[in-house]
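Subject: A structure for you to look at

Hello! Here is the structure I promised to pass on to you. Have a look around it, and then read on for what turned up.

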Amino acid sequence: VHNVSPDSPTYPFPSKAYFITSLLFSSPRLPFSEAQKKAILNWAKELGARNLPTLGAIKKLHTGLEDLMGDPTEKVTSQSGNIFYINSVAKAIAKDYANPLTRLAMQDYPEDSGKGMSQVFHGKKMLLDMPSPPAVRVHGAVYFTDELLQDSTGGYFIPQRFFLGAADPSIDDIETCEHSDKVLYALGRVVERTDAGFIISEDQEIILTSTFIRSFADIAANYGELDCGLTASSVKYGSLSPNPLREKSKGRMVYTVPLIIFMDDVSGNISKQWNKHHAIYMSNANLPQEMLEKEFFVRFVASSPHAPPMELMRAMKESICDAAKSGVVAWDCKYNEEVMLIPYGLFLAGDNPMQAEECSHAGLNCNYFCRTCDVGGTKEHKESAAGYESIFVSGNIRTPEYTAQEIRRQFETAFKSGASTKLQHSVSTTGIRDSASNSILNTLVELGKRLRKRTAGSQALSETAIEATLQKEFEDLLKGRELNDAINPLFGMDALDIHMDTPTEILHTILLGVVKYFWGQTAFLLEKAKLLHVFQDRLESIDKDGLNSPCLNADYICCYKGGLIGKHFKSLAQVMPFVTYDLIPTTVLNAWTVIGELVVLIWHTKIADTEVYLANLSRKIEDFLNITSQCAPSILISKPKFHFLIHLPAFIRRFGPAIVFSTERYESFNHVFRLSCIYSNRQAPSRDTCKTFARQDIMKHITTGGYWYDPTVKKWVRGGEMILSYFDEHPEQARLLGIPNSGSGKSQTTFTAAGKTTRKDVVPWKTTQCARILRTDRPGVIYHLGKSVVTHQGEHAHLDSHVIFRHPADGKPYIGRIRKILVSSDYHQTAEHIALQVFTFADTLHPSLHLPCLTLTDNEVVSAGIDLICIVNLQHNCVDSRCTDFDQKPIRQEWTETSVTKAVIKHKPTPNFFLNVYSIHNYEHI
């Protein structure tokens, strides 16, 4: 590697053969064992491949690449003696800024998005509660927060926070950022220079950063300008000192990097045998939510089958804090300059037990079960009127200071007589138990019991002597540390409030929580009434078009009703009222209608009006808890996840849409982690997984155009020309690395007929349904019949699909059924005319299902492909149509239709339908 010239087209690889072989052996989801790698290389050699590297040469190459780009893997020995490895947070975020795939998508500043929100940087924490990004560049000069500057009016100003916002149309010549509709603002205080000194205003103001003209360095260089100092009344608002980062960064631009941290327990085996590992992943929260969801942007940090989770988290915290303290010098490929990065933890994602442990909370089974507030009490209290009502509202929010104080109080109790009972009482009355220091606490308690135990023929020790012995043992256990260094490491982490920064996780709390509980109750009722087969037949008959829910396999769901996973519950929540309307009690049916509405609200990716949305969500959560208390009152006491819903609106306000702090992307990444464990000799599992992910990250970085510092030429370089263009010619290789498809997205500018059009299906215009509707005659004009058409949302709508479209007469949205698709004979991929049969809405919602009712009319219109907005899911109104008969439908096996049949509903030919407002797909148009 070190002998390859940066001018080589294959740099940093010695040859194309080395590059392609390394690429093949670096796929996260297609790993190879050593034996398989040897077999592949032998196979290629036998076929005559030239200049083929050996397996040893490939390993040597990977070692050379690590030396060139920096080996991120570091060894950690915990205070308890456990050894594990961690990949440096500093090197990971440096790669993000040096890679155009990630850097060009980042937003460097939090944003005041106005009424709505769609990203984590629209949330209250990044905008108001976090330390501001410390610097901004204006006209080539770098301005820092908490420093005096001068603006274009000649006045002085001290900025305290930088943020993006919408441009003010009343102001001309606004210099916008890279986002054309956003400008950078500064929140701070106006400063007035007087003979008595600089006076800093008590009130904060917002000004445009584009008005900055003189930085602190310019002002300080002007002899005597700062000599008058601050007035006494202004000292509390600021100072005339430079920001410490100015000297530390040495003229570089400084950015903050918020990190989403995820920790989970995951098996390292493919088999059912449990091989428990704890693993930590992270994501760069400056990236948009659409990119955070993709596997490529999830970074592996650490794992261990031996170390407990809080030891891993301590190493993670130290890696972040060390990087923040020293600053991470990286190459910014967007502006082609060196920058300094300061990482910090934004929030901790995870399932409820893991988040409870991160909060030093005793978990879901203790009396005070909520890690966010102090709601709870004894079983008798929760069953009382006042206690039961308290579950429906938030209690007093817990604080890290109080939790840390209670842990210290527990250690004081450990020295006293009867410590075991007193500690048990402390946990049961506060819900606080610190797993990080629990082993020390238990050791002291057990030692105290032995010292106080009286034996025949020996004199009992005095309480003073016992406490002295316990104090010495305590100091030995701390190994020279302070108690604060032994308890939960997250207490001392800057900008992190563990109780408010462990948001309610929607996968485990909603789908695997409350929806699962109601599914269990519903399945029990159906079995008890011997109606499960009817439910199965109806579920099989559900119209899935426009639902985007591939997990509605009725046979599987009913057969394995006790073993369903998140995707099944997500699908069921969108259709349950349509199949259970007369099979279950009204209260349970009403609960499913509220669940459907709640799931759609929670899975919003974009919120148009935050206040309206949060009011609707809070009301819907309240409705759901009320109806749950009617269906199964005791479940609200026994299952804490119902109470966790109360805090969801506050977390959405703090971090953006709930999908941002969902863990589905990390749970999916567990498969990649598991594969790395399998292809290891298990002797050093933590080191092997760190090394595997480090090498994969290096390959991803090189192949996607990332930069690194080459000490040989003493400059920042990137891969050779052949390396950078390889994925353009071989997109299948990009997919192996999990690189997002650059051609994906909904950027179609033409609306095309999808699928193959049969040239034999030529029809004259005058014979078409469109001609009959439009009542026009076009002699000699012919069309082809299309099978499907691409909507504005990029979906394939087939014949008889239901779509939302803009009516050609008034431009308003309507719902219609596609009857015919006419494809231009000149442009074979353009759908020119679509015949649609129009639906009309009833005046009121359905009395029992509370859904919009539609009627299929005889009114037909012809629309252009460009007017089709999206597919929408409709369900036949079997309630009023009384569809009770069944047909037998042949089952397909092995691509063949068999003589085996299954029952499906025979819908009566009525024009009555329901609009499925529980559909998550295209909810904003619905």
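Does T194 count as buried, partly exposed or exposed? With a relative accessibility of 23%, T194 is partly exposed; buried means under 20% relative accessible area, exposed means over 50%, and partly exposed is in between, using a 1.4 Å probe and protein chains only.

Before going further, a word on the model: it is predicted, so local features need pLDDT of at least 70 and side-chain atom pairs count only at pLDDT 80 or more, while totals for chains, interfaces and linings use all residues. Residues are numbered from 1 along each chain as its sequence is written, and side-chain values use heavy atoms, with hydrogens and water left out.

Back to T194, which sits in strand β7 (residues 182-194). Helices (H or I, at least four residues) and strands (E, at least two) are DSSP runs, numbered from the N terminus. Leaving aside residues up to four places away in sequence, T194 touches I199 and C228, where contact means heavy atoms within 4.5 Å.

Next, a pair of helices. The axes of α24 (residues 610-631) and α27 (residues 648-655) come within 9 Å and cross at roughly 160°. On the α24 side, E611, Y613, L614, L617, S618 and I621 take part, and they meet L648, P649, I652 and R653 of α27.

Finally, the aromatic rings. There are 38 aromatic pairs, counting rings of Phe, Tyr and Trp (its six-membered ring) whose centres lie within 6.5 Å; planes under 30 degrees apart are stacked, over 60 edge-to-face and the rest tilted. F296 and F297 make an edge-to-face pair, at 5.1 Å centre to centre and 80° between the planes. Both are buried: F296 has a relative accessible area of 10%, and F297 has 6%. F518 and F624 form a tilted pair, with 5.6 Å between centres and 50° between planes. Because F518 lies in helix α18 (residues 506-528) and F624 in helix α24, this pair ties together parts 106 residues apart in sequence. F518 is buried at 2%, and F624 is buried at 0%. One aromatic cluster is made up of F262, Y281, F300, Y666, F669, F673 and F693.

Enjoy exploring!

Note on methods: Axes fitted to C-alpha atoms, helices over the stretch in contact; angles between N-to-C directions.
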